Amino acid sequence: MLSYALTFAIACFAMALILNLIRLATAPTKPDRILTIDTMVINVIALIVLYGVQTQSSVNLDAALLLAMTGFISTIAFCKFLLRGGIIE
Amino acid sequence: MRHLFPHPMLSATLLLAWLLLAGSLSLNSVLMAAMLAMLIPLLTRAYWPNRPQIRHPLRMVSYLALVLWDVIIANIQVARIILFMPAAQIKSAWITVPVDLPCPEALTLLAGTITLTPGTLTAEFSADNKALLIHALHAPDPDATRDEIKSRYESRLQRIFR
Amino acid sequence: MSLGIEILISALLVIGGSFGLIGSLGLLKLPEPMQRLHAPTKATTVGVGASLIAAALTLAWQTGEASWQSVMIAVFLFLTSPLSGLMLAKAHRHLSRPAVPPTGTEAPWAGDTPPKA
């Protein structure tokens, strides 16, 4: 049962990534594009963690943690850039 | 003591966070956690001029439990709007919520709560920190949404922080 | 093995996957930019949060060691998603200037004040 649920979750997040790619290609505004990239980062984190469950190792969790941090910082940096034209004030 | 630990709560949070990240209670991770918990509040002291006053830690816990429950309810609502509601029927609205909270920490907590809970998202603060601009995904009655935020979250935060 | 834990983990995984998919679907489907902000900040966060808790439970159950890192990732995502949402809303307001209600106090919205040189 667990393996079916795991496959279902991985398929869901993979489909979510495909939907995000479509959105990224057709996004009408710049904030939309940043939002899509942010969502893609979150979905990739989920995929990494689920892969870790499948292989029963917690090695990949470090990568997911780093991705969570850099993804957040890059979202904020992109927004800052749009708001002020520079990142460091 | 006050010079060594300007922010005891921040130090405790850093200690706990590092131990959880390291995932072990071995001597070197405890030492590293203690060093970080001492140094980071000292080095960043200039950015935290005053301490937040939490009067009722127990109420804080019950507030967090309430928010967690509301996050689950919020997501079911948003999922139903996304899946079943035709795009033309979604009535989005900008709402101004006047707030009266004693410190920036409480305001940040309220803004975060609003973003995570039913169909609302904090979009902007006023320059004097006395109002929040909120975007509601589906709010047929904006006044009711505003009153719910004030009675459900703001009044609790006021009781916690003063 | 104990059936209860397996059912709990499976339910969490199914819920997490569904919410992750719904969030991305909302991002694609909702018509206005501000409405699109709602879907990922809520649905995706809870989707990933449920998956992370499921992962923590599975790893703790199968390897016998508690994996606190996935709990930390979940906490981190919950703390940062309101901030991302706020910054994206600010960027959106800055670029497309939608009509918004007044503050009701003397001061204007923080994004409408000129930056301090």
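Predicted model: local features only at pLDDT ≥ 70, side-chain atom pairs only at ≥ 80, totals over all residues.

Residues are numbered from 1 along each chain as its sequence is written, chains are lettered from A and ligands numbered from 1 in the order in which they are written, and side-chain values use heavy atoms, with hydrogens and water left out.

**Stop 1: where chain A meets chain C**

Select chains A and C. Here 48 residues of chain A are in contact with 47 residues of chain C (contact means heavy atoms within 4.5 Å). About 4,200 Å² is buried between the two chains, and carbon and sulfur atoms give 80% of that. Buried area is the accessible area (1.4 Å probe) that two parts lose on being put together, summed over both. Now pick Leu2(A), Leu35(A) and Leu83(A): these residues supply 15% of the area that chain A buries against chain C, more than any other three residues.

Next, show Asp32(A) and Arg36(C). They form a salt bridge, with the closest N and O atoms 2.5 Å apart. The rule asks for a side-chain nitrogen of Lys or Arg within 4 Å of a carboxyl oxygen of Asp or Glu, and it finds 1 salt bridge across this interface.

**Stop 2: a patch on chain B**

Switch to chain B and select Trp18(B), Met32(B), Met35(B), Met38(B), Leu39(B) and Leu43(B). Together they make a nonpolar surface patch of about 560 Å². Patch residues have over 30% relative accessible area (Shrake-Rupley method, 1.4 Å probe, only the protein chains shown counting as cover) and no salt bridge; like charges are joined within 9 Å, nonpolar side chains (Val, Leu, Ile, Met, Phe, Trp, Tyr) within 5 Å. Helix H2 (residues 27-43) of chain B brings the largest share, 5 residues, and Met38(B) sits in that helix.

**Stop 3: a link inside chain B**

Finally, select Arg152(B) and Asp70(B), a salt bridge with its closest N and O atoms 2.8 Å apart. This pair links distant parts of the chain, 82 residues apart: Arg152(B) is in helix H5 (residues 142-161) and Asp70(B) in helix H3 (residues 57-84). Over all chains, the count comes to 5 salt bridges.

Technical notes
Helix = DSSP H or I, 4+ residues; strand = E, 2+ residues; numbered from the N terminus.
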